[in-house]
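Let's ask where some of them come from.

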Amino acid sequence: MDAVLDDLARHWPVYATMPFIAALIGYVTKRVAIEMMFRPLEFVGIKPFLGWQGVVPKHGGRMAAVATDLLTANLLDINEVVGQIDPVIITRELEQPLLRAVDGIARDVLEEHHPRLWEVLPTLAQEMLIKQVQSSAPRLVQEFLDEVRGNLEEVLDVRHMTVERLTRDKALLVRLIRETSRPEMTFIARAGIFFGFGLGLVQAIVWALTREPLVLPVFGGCIGLFTDWLAIKLIFVPREPVRVGRVILQGKFQRRRAEVARQYGELIANEVLTVPNLLEALLRGPKSDRLVAMVERAVGHAVDEQASVAKPVLALAVGGRRLQEMKHAAATRALSDLPLTVRYAEGYLTEAMDVAKMVEQRMLALTPLEFEGLLRPAFRQDEWKLIAVGGVIGFLVGELQVLLMLG
């Protein structure tokens, strides 16, 4: 005991600072482990031997697929989303841009495919023809929207769109996970302070009693492993509230269910299932050829309807083959103008679909295990690496303290 007290007297600054240094190291190592999850977005180093890429961006495809499966299976019904769009309101919202688009398409197609006929028509006749075509446009839009809604799964692959979007944009995938788990990440880092301080106290006592050089690094490594593992576990478990005396224990992520649901819903609505993204998926996705066929069919019917008014004259002046070419040209132009036209109704469409609210409500209805699946995949893949970082740093801290004590 005298030897212990003597050593404490001679090295008291080292003993006194040991818990605080360990607390600082505990915080830094946890923060490093967290950043290793998300950064860098691309591999930095010499492949395949030396370097690092953030866990989330490295496994972006798999994580995007997991997130999308959760979204499409449990959180979102695309038919219900699109079903909330009122054909009458959308037609009213698009009335003016639609009339301008129809005017441009009709004039350009007629001028391109039958310039002589268009030129010989008096200006009044030209305007009457355009007005006639425009008058049928609102009904055409409503009929087309009804057809798309009735066959939505045939023209839109939401899973493909979401996986591609999240895989292509690694920063978005990182943001989706990081923003919804920021308090949990902060908890892990802060837990390192308390765990590290406790480690420092125990180390100081063990060293004072044993003076065994291996004790501190081995003990530090074990504590580093345990504290990182415990910090991650405390995020998710217990899944259900557990009362211990007056204290109620529950995983931090589970306790924040309402907040997470709101944040996740807003991110999905604002970053993933936006009107432009859905429109791009419709026009360029793996099922876009079916939408093109629908547009060509709808435009073809409209042209036939207008042509029937002057069928005898039109048949002689235009001919069947050229009329078919005009239909195809009009449909192609309508598709190319669609994003610009729909932009005028983007505000209404976003409000009507209300993706954020649907995702939020359905997230709140998930079981604790299903809810855990929202964030857990981000940790599970390389969780052992993050825990190992804590163990290695804990070992090195212990070794450093030995050198200080023996020096």
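Q: What makes α4 roughly perpendicular to α22?
A: The axes of helix α4 (residues 60-75) and α22 come within 10 Å and cross at roughly 85°. Axes are lines fitted to C-alpha atoms, for helices over the stretch in contact, and angles run from 0 to 180 degrees between N-to-C directions. Angles under 35 degrees count as roughly parallel, over 145 as roughly antiparallel, 65 to 115 as roughly perpendicular and the rest as oblique. That is why α4 is called roughly perpendicular to α22.

Q: What kind of model is this, and how are its residues numbered?
A: This is a predicted model, where local features need pLDDT of at least 70, side-chain atom pairs count only at pLDDT 80 or more, and totals for chains, interfaces and linings use all residues. Residues are numbered from 1 along each chain as its sequence is written, and side-chain values use heavy atoms, with hydrogens and water left out.

Q: Which residues of α4 and α22 meet?
A: L71, N74 and L75 in α4 meet M358, V359, R362 and M363 in α22. Contact means heavy atoms within 4.5 Å. By class, this contact of α4 with α22 has five nonpolar, one polar and one charged residues. Ala, Val, Leu, Ile, Met, Phe, Trp, Tyr, Cys and Pro count as nonpolar, Asp, Glu, Lys and Arg as charged, and the others, Gly among them, as polar.

Q: Why is D354 called partly exposed?
A: Its relative accessibility is 30%. Buried means under 20% relative accessible area, exposed over 50%, partly exposed in between (1.4 Å probe, protein chains only). So D354 counts as partly exposed. D354 lies in the loop between α21 (346-353) and α22 (355-364). Helices (H or I, at least four residues) and strands (E, at least two) are DSSP runs, numbered from the N terminus.

Q: Why is G251 called buried?
A: G251 has 0% relative accessibility, so G251 counts as buried. The loop between β4 (247-249) and α15 (252-255) holds G251.

Q: What does G251 touch, not counting residues up to four places away in sequence?
A: G251 touches L234, I235, F236, V237 and P238. The C-alpha atoms of G251 and I235 are separated by 4.8 Å, although these residues are 16 apart along the chain.

Q: Which kind of peptide bond joins R39 and P40?
A: A cis peptide bond, with omega about -10°. Most peptide bonds are trans. P40 lies in the loop between α2 (12-38) and β1 (44-46).

Q: What makes a space a cavity or a pocket?
A: On a 1 Å grid over the protein atoms alone, a cavity is a set of points where a 1.4 Å probe fits but cannot get out, and a pocket is an open set with protein on both sides within 12 Å along at least five of seven lines; lining residues have an atom within 4 Å of a point.

Q: How many cavities of 30 Å³ or more does the structure hold?
A: Three. The second largest cavity has about 110 Å³ of space. Grid points are joined across faces, edges and corners, and a volume is the space filled by probe spheres set on the points. α2 gives the most to the lining of this second largest cavity, with five residues.
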